[in-house]
Amino acid sequence: MELSNSIFFVLSSWFLFFLVVARKESTLETSEDAIEAIANHYQTVRLSSFISSSICSPTINGNKKRGSLEVVHKHGPCSKLSDSMVKPLTVEEIFSHDQSRVDSIIKTRKKDIQGSKTTLIAKSGRSIGTGNYIVTVALGTPKKLLTLIFDTGSDLTWTQCQPCAGSCYSQIEPIFQPSSSTTYSNITCNSTECSGLSSATGYPPLCESSTCVYRIQYGDGSITAGFFAKDKLTLFPDDPIEGFFFGCGQLNEGLFRGAAGLIGLGRDKLSLVLQSAKKYGKVFSYCLPSTASSTGYLTFGSSGIDSNVTYTPLSKSQGNSFYGLDLEAIYVGGNKLSISPTVFATSGMIIDSGTVITRLPPTAYSALRKAFRAEMTQYPLTKSASSLLDTCYDLSKYSDVTIPKISVVWGGNVNVEIPPQGILYPIEDQVYCLAFAGNRDDSDFGIFGNTQQKTLEVVYDVSAGKVGFAPGGC
């Protein structure tokens, strides 16, 4: 006979009270003080809140905001992409693709052996990763709907186009036909925009019959190439972006299957963010859903941004290629981890919508893992099949779990509490792991991944050079 959920919750809270008191050798004089300490630094959550259901449950927040697109997980029930077209990845496949993306991002940053100057090499070395969050936009006249991966780590927006010169992969909507759009035109080779492809893609443009040709090869072997063009992009009804520059891909292969292409939300002048600057002021925000069976949003412009957003300056040390942030501290269960500031200063940090698991310098991750394990001794550690996550628990006997709160402190003393779904990651039946990983070397820069961003409203104000965070975005 098992304890009911309500009784278990009461007992776990009671147990945690004594655990906190004993562990910290507290001098709290009243039970009210102890309860307040628990509430501030620990949280009890249902394990079912980490698991996606088979039914789509749209989130209300954000859907009514001006300039808002619905964000869905590529493999969830809210997605239009069918399992026959896009086979769901196993957890190990997700982590494998994720590591490829991390490796390729890290390779874009190398230090000049003759000095301390940091240079960026070709962006084509990046991997698309899992490409797990998608939105739907319209292109051309008349408008044709396209489902695209959105990515803060890419600059050029592209979609598959007819005729396919070599190969095109399967996608949910009909492939875009340029000849059917009255507002479509190719870009000439001698144009300023064509020469700008080098910084946006990492490859110099090619020229065919005076028409500019773009090409991108990703670190995982995925490729896209075709004519560089412009057309009308419609994100929201009656609010089109005229003359939007994009890649019209006629040779496309790789991990994009199902989606028609990609929206680039990077910092280059050819990104959607800068091309729409007159409309939206170089400001966009998003909220990633808590699970694959719920929805989030992607918004453009400052209208409707949560007034509780706190901002941290973009780091100048990471150049203009990535959205760099300055990580200053990590807290676990209310305790600041003993990590030298030089550890974070040496590695640097970026925020990325396409990386799944947050990567930390190994010195920082080791301190996080040690502190988290010390706070989770009431749950049995277990080995898992994961090659990436190494702190896992067998929670088969529990329906609720009490975990320490984890927060990160960005530059300007901006404290961001990680949502529960960003602390534990379900990797197999009843096995949950700490959802952070260490890089191979302290010199490899860290990445704040999308798992830790779930349910946060994340605001990018490129014009003001800052990124903001607010809880409860979706």
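Q: How much space lies in the largest pocket?
A: In this predicted model, the largest pocket holds about 770 Å³ of space.

Q: And which residues are closest to its centre?
A: The largest pocket is lined by 35 residues, and those closest to its centre are Ser 52, Ile 94, Ala 292, Tyr 425 and Pro 426.

Q: Which element gives the most to the lining?
A: That is β27, which contributes five residues; the elements that give two or more residues to the lining are α3 (91-107), β27 (424-428), β28 (431-434) and α10 (450-453).

Q: How do the lining residues divide into nonpolar, polar and charged?
A: The lining of the largest pocket has 19 nonpolar residues, 13 polar ones and three charged ones.

Q: Changing topic, how many aromatic pairs does the structure hold?
A: There are 22 aromatic pairs, including a tilted one between Phe 236 and Phe 300, with 6.3 Å from centre to centre and 55° between the planes.

Q: Where do Phe 236 and Phe 300 sit in the chain?
A: Phe 236 is in the loop between β11 (223-234) and β12 (240-253), while Phe 300 belongs to strand β15 (residues 296-300), so the pair links distant parts of the chain, 64 residues apart.

Q: Are those two buried or exposed?
A: Phe 236 and Phe 300 are both buried.

Q: Why is the pair of Tyr 323 and Tyr 460 edge-to-face?
A: The pair counts as edge-to-face because the planes of the two rings stand at 70°, and the cut-off for that class is over 60 degrees; the ring centres of Tyr 323 and Tyr 460 are 4.8 Å apart.

Notes: Residues numbered from 1 in each chain as written. Predicted model: local features only at pLDDT ≥ 70, side-chain atom pairs only at ≥ 80, totals over all residues. Heavy atoms only, no water. Phe/Tyr/Trp six-rings, centres within 6.5 Å; stacked < 30°, edge-to-face > 60°. Helix = DSSP H or I, 4+ residues; strand = E, 2+ residues; numbered from the N terminus. Buried < 20%, exposed > 50% of the residue type's maximum accessible area, 1.4 Å probe, protein only. 1 Å grid on protein atoms, 1.4 Å probe; cavity = no way out; pocket = protein on both sides within 12 Å on 5 of 7 lines; lining within 4 Å. Points joined across faces, edges and corners; volume = space filled by probe spheres on them. Nonpolar A, V, L, I, M, F, W, Y, C, P; charged D, E, K, R; others polar.
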